[in-house]
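Please examine the structure shown here together with the explanation that accompanies it. The text is written for a reader meeting this structure for the first time.

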Amino acid sequence: MDVIYLDHNATTRPADEVAAAMAEANAELWANPTSVHRLGQVARQKVELAREEVAHLIGAKPREVTFTSGGTESIKLAVEGVIGGMADGEEAVRFFTTRVEHSAVRELAGRLEEGGATTGWLPVDGDGRVTEAGLREALEGAVSAGASGMTVLSVQWANNETGAVQPMGIIRDAVASARASGARVVWHVDGTQWVGKGATDVVESGIDLLSFAGHKFYGPKGTGVVWARRGVRLRAVQVGGPQEREKRGGTENSVAIIGLGVAARLADDWLADPAEAARLAGERDRFERELIGRCAELGVVAEVNGVGVERLWNTSNVAFRGLGAEAILVALSERGVCASAGAACSSGSLEPSPVLLAMGMAEARAHGSVRFSLGRGTTRAELDAASDAVVEVVAGLSRVMPT
């Protein structure tokens with residue numbers, strides 16, 4: 001059975017060039033890149049070339065890039081590292097984020113609060129985007145604290161479930177205004193879903209810290225990146241050696257880093273032609289129209305979540321009224337279609353997505369929402385076949401679970 005993979009926001013298959021580069025590195029560049037001998041220095045050279053490729057992808061300088069084991073560690077290093085590097089231990093620390101973030105950020109907020117930080121949740125609208133009024137209200141406290149307090153703001157670039165892109169310009173201007181009024185604000189962005197899919201210029205963006213992971217853009221799992229703007233100090237969260245300019249201890253995973261460099265170069269090349277992302281966005285929109293129309297013929301209401309704002313070109317989150325996402329996903333998997341929804345709990349069942357609930361969505365609608373995420377190579381034929389499979393599944397389920 002041919003598999004139609006529409007779960008690229010979860011992970012991507014490493015590109016052939018990435019796999020080949022890693023195989024070669026595993027065979028020939030296995031030495032410790034911290035060693036001073038020739039073998040080690042050859043590995044070091046390849047690691048630094050990968051750093052250059054990653055830096056170029058986001059418009060940064062190589063020395064500003066730190067490699068980690070993945071997106072979750074990158075978030076932890078960026079947030080806890082900047083607090084440890086720039087707070088003096090006596091001043092008040094405030095951490096603001098949203099409830100539509102990845103769990104790596106949401107759960108970190110709770111950990112920071114346990115450690116004495118004041119945490120706050122920025123309000124979002126029905127599409128999951130930060131409201132300007134709520135953001136400016138939150139930053140008023142930073143202005144009041146002035147130089148005696150530190151505020152860390154963490155807002156994702158694009159949502160992993162709906163693809164909604166945050167209003168980066170509005171956030172940038174609000175942060176700049178707060179700083180102009182004397183506030184100490186550091187802005188972290190989780191770019192895990194954005195980097196490799198959208199053009200990224202960290203210098204122009206106004207952000208201070210960016211974290212992302214290689215396996216979201218055809219690189220290997222186990223690779224992550226933290227970019228820190230010059231002047232933003234990070235204290236190592238994982239200690240134990242001089243690696244990564246003392247920002248992250250531990251022998252570098254040089255084989256995976258080399259693969260990450262190749263993935264970054266491929267992403268850079270792909271992003272050079274914006275028409276390709278526009279074409280795939282059109283295919284995504286066509287897929288959604290087909291689903292909504294064909295489900296309506298069955299008497300099932302299908303609605304796209306987050307459709308009213310800018311979205312990632314590859315992401316579609318569809319709510320099937322009266323149906324459960326878990327049943328849909330299982331039936332789709334049996335037909336060779338891979339998609340996702342919700343968050344897996346300890347029982348193995350799917351709970352309604354906390355991200356969708358945070359957007360103000362009714363629990364029943366959230367429970368029936370399925371995410372389809374395209375890749376660079378997704379074809380119209382695959383989307384047509386997936387649409388057929390979804391309609392077949394919805395028709396069957398609607399007979400036993402009448403809407």
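The paragraphs below consider helices, then backbone angles, then strands, and finally cysteines. The model is a predicted one.

Of its 18 residues, 15 are buried, so helix 9 is largely enclosed by the rest of the structure.

Helix 1, formed by residues 16–28, meets helix 9. Two packed helices are described by the angle between their axes and the distance between the axes. For helix 1 and helix 9, the axes come within 8 Å and cross at roughly 155°. Because angles over 145 degrees count as roughly antiparallel, helix 1 is roughly antiparallel to helix 9. The crossing of helix 1 and helix 9 is right-handed.

Which residues of helix 6 are buried? Met-168, Ile-171, Ala-174, Val-175 and Ala-178 are buried in this helix. They cover an arc of only 130° around the axis, which puts them on the same side of helix 6. In general, an α-helix has 3.6 residues a turn, so residues three or four places apart point the same way.

Just after helix 6 comes Gly-182, which takes a positive phi of about 100°. Most residues other than glycine have a negative phi. Tyr-218 is not a glycine, yet has a positive phi of about 70°. This tyrosine, Tyr-218, lies in the loop between strand 7 and strand 8. Its relative accessibility is 15%, so Tyr-218 counts as buried. Glu-246, also not a glycine, has a positive phi of about 65°. Glu-246 belongs to helix 8, which covers residues 243–246. Is Glu-246 buried or exposed? With a relative accessible area of 57%, Glu-246 is exposed.

The two strands on either side of the loop that holds Tyr-218 deserve attention in turn. Strand 7, made of residues 209–213, contains Phe-212. At 0% relative accessibility, Phe-212 counts as buried. From Phe-212 to Val-300 there are 88 residues along the chain, and their C-alpha atoms are separated by 38 Å. Strand 8, which covers 224–228, contains Val-225. The relative accessibility of Val-225 is 0%, so Val-225 counts as buried. Val-225 and Ala-381 are 156 residues apart in sequence, while the distance between their C-alpha atoms is 35 Å.

The cysteines remain to be described. A disulfide is a covalent bond between the sulfur atoms of two cysteines. How many disulfides does the model contain? With sulfur atoms required to be within 2.5 Å of each other, the count comes to zero disulfides. Cys-295 is in no disulfide, as the nearest cysteine sulfur, that of Cys-338, is 19 Å away. Likewise, Cys-338 is in no disulfide, and its nearest cysteine sulfur is that of Cys-295. Cys-295 is buried, with a relative accessible area of 0%, whereas Cys-338 counts as partly exposed at 26% relative accessibility.

Terms used
Residues numbered from 1 in each chain as written. Predicted model: local features only at pLDDT ≥ 70, side-chain atom pairs only at ≥ 80, totals over all residues. Heavy atoms only, no water. Buried < 20%, exposed > 50% of the residue type's maximum accessible area, 1.4 Å probe, protein only. Helix = DSSP H or I, 4+ residues; strand = E, 2+ residues; numbered from the N terminus. Arc of directions from axis to C-beta. Axes fitted to C-alpha atoms, helices over the stretch in contact; angles between N-to-C directions. Parallel < 35°, antiparallel > 145°, perpendicular 65-115°, else oblique. Left-handed = near helix turned anticlockwise from the far one by under 90°.
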